Amino acid sequence: MSPRLVGGAVALSVFLADQAAKFAVLAAAPGAAGDSTPILPFLSLALRWNRGISFSLFAQNSAAGRVVLLGVTGAAVALLVWWLSNCRTKLAAAGLGAIIGGALGNAVDRVIHGAVVDYLDLHVFGQHLFVFNLADAAINVGVALLVIDLLFRSGGAEQAPQEGGE
């Protein structure tokens with residue numbers, strides 16, 4: 001399987017899994033945003049509406065603000081798709097696919113709901129760190145895969161042999 005196909009399959013899988021999880025969360029949401037259901041000692045199910053980007057930065061409550069965020073997302077996805085089309089390793093392609101699938105999943109939320117559906121509340125010792133979703137997790141995993149690919153590629157196999165060694 002070519003790197004492009006790997007990336008496309010990962011992007012599609014992440015997108016579909018993210019949308020299915022969000023659909024299930026919204027269908028099962030017992031009440032308004034703010035309710036919380038413990039899953040693990042450090043993780044709860046808690047519906048939140050993120051009107052910004054990561055960690056709710058640059059929150060946009062206006063239609064124009066949402067359009068700007070969608071435009072930035074669209075440009076980023078286009079750049080990532082171009083990168084994927086030129087990708088040579090399956091690991092980097094999987095990373096790019098995870099980022100693309102996650103970005104598209106969050107973009108669809110923004111179009112349909114006007115905000116991104118977040119539902120996983122990570123907390124430790126009574127401190128709530130952040131609320132995120134599967135798309136956010138996939139984006140972070142994708143970035144980690146790209147870094148790993150870069151570290152291992154720069155360390156050897158694809159470097160050209162040096163001429164005139166000592």
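Select Q19 and D109: their side chains are joined by a polar contact of 3.4 Å (a pair of N or O atoms within 3.5 Å, where within protein one must be able to donate a hydrogen and the other to accept it, and residues adjacent in sequence count only if both atoms are side-chain atoms). This is a predicted model, in which local features need pLDDT of at least 70 and side-chain atom pairs count only at pLDDT 80 or more, while totals for chains, interfaces and linings use all residues. Residues are numbered from 1 along each chain as its sequence is written, and side-chain values use heavy atoms, with hydrogens and water left out.

Stay on Q19, which is found in helix α1 (residues 3–28); a helix here is a DSSP run of H or I with at least four residues, numbered from the N terminus. Leaving aside neighbours within four places in sequence, Q19 is in contact with G105, V108 and D109 (heavy atoms within 4.5 Å).

Next, select F130 and F132. These two form a tilted aromatic pair, 5.5 Å centre to centre with 55° between the planes. Rings of Phe, Tyr and Trp (its six-membered ring) pair if their centres lie within 6.5 Å; planes under 30 degrees apart are stacked, over 60 edge-to-face, and the rest tilted. The count of aromatic pairs comes to 1.

Conventions. Helix = DSSP H or I, 4+ residues; strand = E, 2+ residues; numbered from the N terminus.
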